[in-house]
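Let's take a short walk through this structure in your viewer. Keep the selection tool handy and follow the stops in order.

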Amino acid sequence: MGIVNVIIIVFLIVCAIAVARTRDLLSAVIIFSAYSLMMSVLWLLLKSPDVALTEAAVGAGITTILFVAVISRTRRYEK
Amino acid sequence: MKIIESIMENINYVGAIALFLIGLHTVVTHRNLIKRVLGVNIMGTGVLLFFTSIGNVAGGEPPIFIPGSVPGIFVNPLPSVFILTGIVVVVSITVYSLSLVVRIHEAYGTIDQQEITEMIKEEEYHD
Amino acid sequence: MIDQLPIINMIMFLVLALAIPFLRKVSFRLTLILGFVVLGLVTVSSVFILTDVMASGPILYRLGGHERLIGIELEVDLIAALISLFILGLALVIYIYSTGDATEGIEEREYARYYILFFILMFSLFGMVYANDLFNNYVFMEIMSITTCSIISIKRKKDTYTSAFRYVMLNEIGSLSFLFGVALLYMATGFTNITLLQQALSTLWPAYSANVIIALGFMLVGLGIKAAIFPFHIWLPDAHASAPSTSSAILSGIVIKIYLFVMIKVLFKVFGLRILDDLNISAALIAIGSLGMIFGSLFAIAQKDIKRLLGYSSIAQVGYIVLGIGLFSELGLAASVFHIFSHGMMKSALFLSVGIVVFQTKRRKIADFAGLGQQLPLSMGVFGIAALAMIGLPLTSGFISKLTLGVAALDHNQGYLIVIVILSSLLGVIYYLPILVSAFLKRIPEDAARPHLEKVPRPMIAAIVILALAIIVFGVFPNWILDIIEQAVATLGLPA
């Protein structure tokens, strides 16, 4: 489990920084969705399958849809 | 080498704190309102990851009792309950603040904090 | 039966909030009456709770009968019973006010939504006061941050949206910091229940000092952001200025105070004096409180908008309360709790009377207050009484809280703090007195264009008169309430 865990954490941190740095909001949201999915895998590794299910449905699903909807009503690129 | 070893051992805690800080940085410094909401989400997952890592037991099993089987060592189920609540809370905050973002865009035509502040200042100047 | 009253109180608010959307279709008047009935019933049951707690000690209630380790526990001790009655008293007055005219700027179809939010807010306030579990406190905090932000942004104006957005972001930073602190304590002890945590921390403190110190820091910063303690106050003036008057009164009078109460709970019931003394938290709190008292007043002097001025003055008053907590003595804490009560009344009176003035004249610049004293004697009179109480004139509740605070500082051998209290009061004179002087003494020429006045509904007048009377009653007969407060504070185990 050790090395997989480390790889996932590194991936998460890279994703988080990428979300903060990307100028295109839509890509940022897509990266955030990948981040949430990876987070749910990590929760599966940490033996909490119920949380993993919720995170996959809520974090990667509903939150992404909401963000995309809001971006479609506002503006896509950050200045 | 000892430092690296201890980091590897506690990688989940280190990761959780790193995510919390990245999220905090995003919320505080970014001009774009949607980015700020994303930052809150990252912060939230950081804290929740910290909670799960506390409940994890080396070699534990998911806390699901199957009748007829011999129960092994379970991981602590209480943090999972906290996290389930936490996820729902963070989502509801996200929904509320995104609705505010839409309203702000309708009112000001922009979602950039600095532009909004300038517009407010200009309005006050004209008053 | 009596030990189930706390949860019944909370459920009543929640059920009413959920029933309003259906009741509205029948009759909106019925909704208002029902809201009044519920507030009255909860007040009666809270009085019962208070008398029972005074007679036979704290009430414990476990939801579903689960044991402490995994269950949800409500504990009502004397101080919680007092605070809940304070919330109810203010909420009743604000409710009466809001039935007269649902506050400026809210559209008519939003009234029902406003009351839904109001009652969910009451539910979460009671939850925070009663909960004996840090994680439950966090959950109620989040309910509260959504509802408080919503009662700001319910007014359909541009600036409410931006200030509500800033408020929700800072609130979220605050609550997540608090949750991080809870996680660190959970890591060290394995509990989130306050009673169990206190027992565990007193033995574990030397072994897990890093966890405890970081947790304390995170929790204090989180609560500090939410209670607008000085360096974290930036959200408050905007939020107060743009919100409808009733919302400002709720925000400044009740919501901030509850976070301060949670801070008292966290400091003295979770960590305990030994840890706090080892870390010298007392000096830090005194310093932050004094800075807030001075800077809040200084910022207030520069304001042109009356509601922003009141917002900055709230920051200064929060400073007094933090200072009282920071003295770590029974009298200091009693002064803080008394000031929580008296500032709640004074600031609500100020916001609500300003609300009436804005309702009647549609103006809110301080310069527009000139000569209003003759036109609107009653609302400006209440404003005057509350403003003088804020300055600390004798025979008002503000004087008693400042006096108690000064005595507590002397007892603590920190007499120089009295200088800061007096300095802050003098600064208060600088920003409140000119308003009063220009309102009452300035002659406006007969031919000057007077603002057109709207007729004020009676409930609004009744509400502010009740508040003004309460300020004076608390100022003339403070002993009965101070006695109960001292009795309540004595249960926390502070040095006398």
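**Stop one: where chains B and C meet**

Select chains B and C: between them, 5 residue pairs are in polar contact, with both residues at pLDDT 80 or more (a pair of N or O atoms within 3.5 Å; within protein, one must be able to donate a hydrogen and the other to accept it, and residues adjacent in sequence count only if both atoms are side-chain atoms). This is a predicted model, where local features need pLDDT of at least 70, side-chain atom pairs count only at pLDDT 80 or more, and totals for chains, interfaces and linings use all residues. Residues are numbered from 1 along each chain as its sequence is written, chains are lettered from A and ligands numbered from 1 in the order in which they are written, and side-chain values use heavy atoms, leaving out hydrogens and water.

On the side that touches chain C, α2, α3, α4 (78-108) and α5 (113-126) of chain B each supply at least two residues. The largest share, 15 residues, comes from α4(B).

Next, zoom in on B:E123 and C:K158, which form a salt bridge with their closest N and O atoms 3.1 Å apart (the rule asks for a side-chain nitrogen of Lys or Arg within 4 Å of a carboxyl oxygen of Asp or Glu). Across this interface the rule finds 1 salt bridge.

**Stop two: a helix in chain A**

Select residues 2-21 of chain A: this is helix α1, with 20 residues. Among its buried residues are A:I8, A:L12 and A:V19 (buried means under 20% relative accessible area, with a 1.4 Å probe and protein chains only). What covers the buried residues includes α2 (25-45) of chain A, as well as α1 (2-9), α2 (11-29) and α3 (33-55) of chain B.

Methods. Helix = DSSP H or I, 4+ residues; strand = E, 2+ residues; numbered from the N terminus. Expected span 1.5 Å × (residues − 1). Buried < 20%, exposed > 50% of the residue type's maximum accessible area, 1.4 Å probe, protein only. Contact = heavy atoms within 4.5 Å.
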